[in-house]
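I set out to record what can be read from the coordinates of this structure, entry by entry. The sequence and the model are placed here for reference.

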Amino acid sequence: MRRLIDNIGTWLGIANILIVLVFLIFPIAVAVMMSFDARDYLGRFPPQAYSIRWYESFFSDAYYLQGLTTSLILAVIATFVSTTAGVSAAIVLDRHTGRSKEVLESLFLSPLVVPAVVIGFALLLFFSLLGVFDGFTRLLGGHIIITFPYTVRTTLAGLVGIRKTLTEAAMALGANERRAFWDVTFPLARTGIVAGAVFAFAFSMDDIAVSLFLTSPDTYTLPVAMVSMMRTNFDLTIAAAAVVLMVFTFLLILALNWAIGLEKLIGQGVFRS
Amino acid sequence: MQKSRGTLLLLLPGLGLFLALLVLPLANVVEESFRLFVPGRIGSAKDAPYTLFNYTELIEPAYAFYLLETFRFGLVSSLTALVIAFPIAYAMARQGSPLLRKLSIGFLIGMLFLSTLVRVYALQLTFGPTGYARLISGLLNVSPNGRFYTDLVVTFGLLHYLIPISAITLLGTIQNVNPKLAEAAQVLGASRLKSHFTITLPLCIPGLLSAFLICFTLCLSAFVVPMILGKGKVLFVSNLIYARFSEIANYPSGSAVAIIMLVIALMTIYGVTRVVSTRVIQD
């Protein structure tokens, strides 16, 4: 009886894993296959014949390409700004202890707690109040504030692991504080900083909720372009766009794995809100 | 003196961004939420009188419904995600092969990084009319255009993100539970299942709570999933804010909803962190 119950438990566990794998992977396989559909309309799955027509359509459509360009430029600038600000904030946080550190840290991480829609809406009102109507400036503001906490958090996680005695040793040997930082601390913290930058880039590329509020008719990101096409249009160029975005995701994960190794990511608790 | 000036300089960019892009905009939302809105305008007039109307309006059943709807989906999806993810995290934590472990962690992280829009579009193709909508709704004996099926697809949309994130969160927790404890119970005559429910599971409660918190807050702020997969039938609070902005430009009302949403999100997080931290101290 005991054996029987245990066996049932084991089989249920295996069935659970298989079902979840299918649930997570199958829709993506559907999207990838549909993006190669040869039919010229959105037909039933599975496609009868395959072609690259939707990719040709994506890469020759000025509307999508402009979205992709804006997304990439935006992600690069937002990543640069929030990583710079995040790293310098994390350095200060790492040096301090006690109440003031706790308060500052939760302040810097608080954009994670505020729902993205609220951030987008608040920035929209605020930019209108200030008279900022340039789409790119508004988007950049939104993307910086949603990526900033990730850079603080990963850099801090990277800095905490570095023993203070190393810096002290460098200073005892005659280096000043600045020299000790650039020669000892910074190289050791580099992985945390890179991870933060990769996260920032990924979240900037992915954002919809904030961007929808801040776009202007001529400045929009790729996800925003895809959302508006999804509402009005029923062709499979969106599927091709989705696969292009997936390729970016895949490259980012490779970068992350190269920079710190994926297993370490979990130990750092990066995904905890 | 020198040192504190350096500290201030380093903090300045972060504090500046934080103030300009979060604190001041939110303060402005609070102010706007008490302004009177005259239909037909975009936003409130500069000298609009103050009023509580934007908040009292939300008590009406029509609006409270959005909130209940968000909570209902949040609860159901988060609990389902935990029940499904726990055995997966357990299997990952307890199996020996380093390769399998690396692969499964890589897979889960890949699933988290997947763009929300790609996820939603893939689910729409799969469970929509060109996919398996007719087959699945036929099996469940419901209409593919009905409320139940739409609810189901929205829940799928939430679960597609919640399952990987809870599995990863729980993996950390289970790794910290000593497997010898469960083995001891089994040596003393408990079945594997019983030792699991009486020893391992109770030790994971703080981790389960924090995973629930993460899932629930993610559901509360979900926006794209209900917008695309809900086909206008399922609307969360975030969609209400967006509608206030895009459809009728009633910024004061949108602000009031935003403030309520923010307060609920903060309270949930505060509440559950309290529960988690007292549990840890007791243990």
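This is a predicted model: local features need pLDDT of at least 70, side-chain atom pairs count only at pLDDT 80 or more; totals for chains, interfaces and linings use all residues.

**Entry 1**

**Entry 1. Chain A**

I looked up the secondary structure of chain A and found 12 helices and zero strands. Read from the N terminus, the elements of chain A run α-α-α-α-α-α-α-α-α-α-α-α. I then took the extent of the C-alpha trace of chain A, which is about 75 × 70 × 30 Å along its principal axes. Chain A has 273 residues, and 42% of them count as buried. I also checked the contacts in chain A with a separation of 6 or more; residues 24 or more positions apart account for 75% of them.

**Entry 2. Chain B**

I repeated the search for chain B and recorded 13 helices and zero strands. The elements of chain B, from the N terminus on, run α-α-α-α-α-α-α-α-α-α-α-α-α. The C-alpha trace of chain B spans about 75 × 70 × 35 Å along its principal axes. Of the 283 residues in chain B, 42% are buried. For contacts in chain B between residues at least 6 apart in sequence, I noted that 72% join residues at least 24 apart.

**Entry 3. A helix pair within chain A**

I examined helix H6 (residues 135-160) of chain A against helix H8 (residues 177-206) of chain A; their axes come within 8 Å and cross at roughly 160°. H6(A) and H8(A) are therefore roughly antiparallel to each other, as the limit for that term is an angle over 145 degrees. The crossing in which H6(A) passes H8(A) is right-handed. Which residues make the contact between H6(A) and H8(A)? On H6(A) I listed His143(A), Ile146(A), Thr147(A), Tyr150(A), Thr151(A), Thr154(A), Thr155(A), Ala157(A), Gly158(A) and Leu159(A). On H8(A) the residues include Ala189(A), Gly192(A), Gly196(A), Phe199(A) and Phe203(A).

I located Phe59(A) in helix H2 (residues 53-59) of chain A. Is Phe59(A) buried, exposed or partly exposed? Phe59(A) has 15 other C-beta atoms within 10 Å and is therefore partly exposed, since 20 or more would be needed for a buried residue and 12 or fewer for an exposed one. I also looked up the pair Phe59(A) and Ala241(A), which are 182 residues apart along the chain; their C-alpha atoms are separated by 9.0 Å.

**Entry 4. Where the two chains meet**

I counted 68 residues of chain B in contact with 70 residues of chain A. On the side of chain B that touches chain A, helix H1 (residues 2-32) of chain B gives the most, with 15 residues. The residues of that side of chain B divide into 47 nonpolar, 18 polar and three charged.

I took Leu22(B) as one example from helix H1 of chain B. Leu22(B) counts as buried because it has 22 C-beta neighbours inside 10 Å. Apart from neighbours within four places in sequence, Leu22(B) is in contact with Pro111(A) and Ile145(A).

**Entry 5. A helix pair between the chains**

I then examined helix H5 (residues 116-130) of chain A and helix H12 (residues 237-246) of chain B; their axes come within 10 Å and cross at roughly 20°. This angle makes H5(A) roughly parallel to H12(B). The crossing of H5(A) and H12(B) is left-handed. The contact is formed by Val117(A), Phe121(A) and Leu124(A) of H5(A) with Ser238(B), Ile241(B), Tyr242(B) and Phe245(B) of H12(B). Its residues divide into six nonpolar, one polar and no charged.

**Entry 6. The largest nonpolar core**

I found 149 residues in the largest nonpolar core. Which members touch the most other members? They are Ala31(A), Phe121(A), Ala122(A), Ala242(A), Ala89(B) and Ala258(B). Helix H7 (residues 147-175) of chain B gives the most to this core, with 13 residues.

I followed Ala242(A) further. Not counting residues up to four places away in sequence, Ala242(A) touches Ala31(A) and Ser35(A), as well as Leu117(B), Val118(B), Tyr121(B) and Ala122(B).

Conventions
Residues are numbered from 1 along each chain as its sequence is written. Chains are lettered from A and ligands numbered from 1 in the order in which they are written. Two residues are in contact if their C-beta atoms, placed from the backbone, lie within 7 Å. Helices (H or I, at least four residues) and strands (E, at least two) are DSSP runs, numbered from the N terminus. Ala, Val, Leu, Ile, Met, Phe, Trp, Tyr, Cys and Pro count as nonpolar, Asp, Glu, Lys and Arg as charged, and the others, Gly among them, as polar. Axes are lines fitted to C-alpha atoms, for helices over the stretch in contact, and angles run from 0 to 180 degrees between N-to-C directions. Angles under 35 degrees count as roughly parallel, over 145 as roughly antiparallel, 65 to 115 as roughly perpendicular and the rest as oblique. A crossing is left-handed if the near helix is turned anticlockwise from the far one by less than a right angle, and right-handed if clockwise. A nonpolar core is a set of buried Ala, Val, Leu, Ile, Met, Phe, Trp, Tyr and Cys residues joined through C-beta atoms within 7 Å.
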